[in-house]
Amino acid sequence: MKNSSIKHKLDTKLIHAGEPRPGVLGAVSLPVFQSATYEYSGESTDYHDLRYIRLNNTPNHVALHQKLAALENAEDALVFASGMAAISTALLTVLRAGDHVILQNCLYGGTHDFATKDLPDYGIGHGFIDAERPETWEKALKPNTRALYVETISNPMMKVADLKALAAFAKKHGLVSMIDNTFASPVNFRPIEWGFDISLHSATKYLNGHTDIVAGAAIGSKAIIAKIKHKLDHLGGSLDPHACFLLHRGLKTLGVRVRRQNESAGKLAKFLARHRAVKSVNYPGLGQKNAAKFLDGFGGMLSFELKGGLAAARKFMRRVTLPVVAPSLGGVESLVTRPATTSHAGMTANERQALGITDSLVRVSVGLEDAGDLIADFDQALKR
Ligand SMILES: *Cc1c(COP(=O)(O)O)cnc(C)c1O
């Protein structure tokens, strides 16, 4: 791997890891290789080694793979056409007919639906665990359990479980451990360092950071990524070179973006926690022990509940002026949503209630606006 020595810090790797040096025709920035196919040199004709966009091996893919692997101190990485392409392809690589997977009970909606509605069509079963209660995990095991699937920071309650214990539990029982690290980003958490086998990302969010593409990533050992690549070559959810180029460009500022978002979200969370119109605030940095133990920063995502219930939440959403009312997260602009009507609309009211997701819960993705301006805007929107 070029220029990605483990001794360099994350911000140096963001700029230099995976970059071809010398640059192509002296270009300082890696150009887009918008070519579907490539001449092959010599007779090495394993199908998966031909150079072709769907085979995930154009120069734009290779540079991204090396950079992403370096960021999480892993051997290898792979990009995909979306976060869901990464998640579904990885699950279908690890699991086969007759297998069973243990899932955290509050997963991203698309993942939850894929595992509970699509995997059964392939003869793959599932069970759920409450990641907050390690004493209950063993009960979810079956003789055919092959994998454990969790998220670094739960959505929308922003809880961090004992991540080290989860990886150790998987290892002890011979399960492949998979973790969706989207909310933390490699700046705040690097799963492979804590014993997870596969780190997954919706690169649509923090990794790209500019709300202008969808993309996904899987990060892990050479052996496991090679298997996932084989599956991706067949399923075809490959990232287009132009989207690779945009992701590559967005990625270079990940460190400065996420650290600023950590800082601003922390300030906003503290402001909201003290506000008399606010009932409760969910943020990993507000006294969560596991978050302090595992995360280098507490992220840019928070959620809160208003004392005035649904009517107050609706009024807040109408009055707030800087954040855009839209789903998704991790971009330069702040976004607000009500999870009950967006990310978690697919659950029944009872399922939402069991996870603490009320109709009046507001979720915030903190962007790169001035933190003082954001706080002032929230303050005016919270006034009765
Ligand atoms: C958005 C998201 C996904 C899905 O990613 P897409 O890029 O939209 O396919 C998966 N997991 C988490 C945690 C997400 O926020």
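In the predicted model, Arg 51 lies over the face of Tyr 38, at 6.0 Å from the ring centre. A charge is counted as sitting over a ring if NZ of Lys or CZ of Arg is within 6 Å of the ring centre and within 35 degrees of the ring normal. The model is a prediction in which local features need pLDDT of at least 70 and side-chain atom pairs count only at pLDDT 80 or more, while totals for chains, interfaces and linings use all residues. Residues are numbered from 1 along each chain as its sequence is written, and side-chain values use heavy atoms, with hydrogens and water left out.

Side chains of opposite charge can pair when their charged atoms come close. The structure contains 12 salt bridges, a salt bridge being a side-chain nitrogen of Lys or Arg within 4 Å of a carboxyl oxygen of Asp or Glu. In one of them, Lys 67 meets Glu 19 with an N to O distance of 2.7 Å. This pair links distant parts of the chain, 48 residues apart: Lys 67 is in helix H2 (residues 59–71), and Glu 19 is in the loop between helix H1 (10–16) and H2. Helices (H or I, at least four residues) and strands (E, at least two) are DSSP runs, numbered from the N terminus. Both Lys 67 and Glu 19 are buried; buried means under 20% relative accessible area, exposed over 50%, and partly exposed in between (1.4 Å probe, protein chains only).

A salt bridge also joins Lys 279 to Glu 305, with the closest N and O atoms 3.5 Å apart. Lys 279 belongs to strand S8 (residues 278–282) and Glu 305 to strand S9 (residues 301–306), 26 residues apart. Lys 279 counts as exposed at 56% relative accessibility, whereas Glu 305 counts as buried at 11%.

Between Glu 193 and Arg 190, the closest N and O atoms of the salt bridge are 3.1 Å apart. Glu 193 is partly exposed, with a relative accessible area of 41%, and Arg 190 is buried, with a value of 16%. Arg 190 and Glu 193 are linked with Asp 296 in a network of salt bridges.

The structure also holds 6 aromatic pairs. Rings of Phe, Tyr and Trp (its six-membered ring) pair if their centres lie within 6.5 Å; planes under 30 degrees apart count as stacked, over 60 as edge-to-face and the rest as tilted. Trp 137 and Phe 169 form an edge-to-face pair, 5.6 Å centre to centre with 70° between the planes. Both residues, Trp 137 and Phe 169, are buried. Ring pairs also link Phe 189, Trp 194 and Phe 294 into a cluster.
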